[in-house]
Amino acid sequence: MKSQQQKHICIACALILAAATFMLSGCSGGGVSAQTGNDGENTLQLTVVPDRLNVTDSGSCTVKVVLWDANGEPLEGTVALSTTLGSLGSSSLSTASNPDGATAGATTTLTANNADTVGNAVVTATFGTIQVWVTVEFYKTL
């Protein structure tokens, strides 16, 4: 016969397994994928949210680039974007200083081309000699 503590442990494990299954099934959720690079003078940050995209949901990811100069001040400039899977809303983004004066950024979207293609998209951002990339998983629920 199981002790009361063993029963509670079994229930807790079952709840954790159920929660993990729910989080991984069907939702386009995911985390944030970001990378920052610099050339000694300027800094480029690329962020993609979420970092997982369910291709059957017709959803999209937000792709954001931010530029700073060597002094940490917002930098306006043009950043080239590319992806190995899916489609970007724009292949070039021009950063503009935000009203807060703290950052200069721009956004676009990443979408799946169809509901059948799965794999890992590598999104690359290039500013001058700085190149950064992040990976986004395109998946399909069965």
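This is a short walk through one predicted protein model, from the overall layout down to one residue.

Some ground rules. Residues are numbered from 1 along each chain as its sequence is written, and side-chain values use heavy atoms, with hydrogens and water left out. Because the model is predicted, local features need pLDDT of at least 70 and side-chain atom pairs count only at pLDDT 80 or more, while totals for chains, interfaces and linings use all residues.

The overall layout comes next. The protein has 1 helix and 11 strands; these are DSSP runs, helices being H or I of at least four residues and strands E of at least two, numbered from the N terminus. Of the 142 residues, 30% count as buried, meaning under 20% relative accessible area with a 1.4 Å probe, protein chains only.

Now the sheet. Five strands form an open sheet in the order β3-β11-β10-β5-β7, with mixed pairing. Its edge strands are β3 and β7 (92–94), each pairing on one side only. Two strands pair if DSSP finds at least two bridges between them. Strand β5, residues 78–83, runs antiparallel to β7, and 3 bridges join them.

N54 lies in β3, residues 52–54. Is N54 buried or exposed? N54 counts as buried because its relative accessibility is 1%. The side chains of N54 and T56 are joined by a polar contact of 2.5 Å. Such a contact is a pair of N or O atoms within 3.5 Å; within protein, one must be able to donate a hydrogen and the other to accept it, and residues adjacent in sequence count only if both atoms are side-chain atoms.

Notes. Buried < 20%, exposed > 50% of the residue type's maximum accessible area, 1.4 Å probe, protein only.
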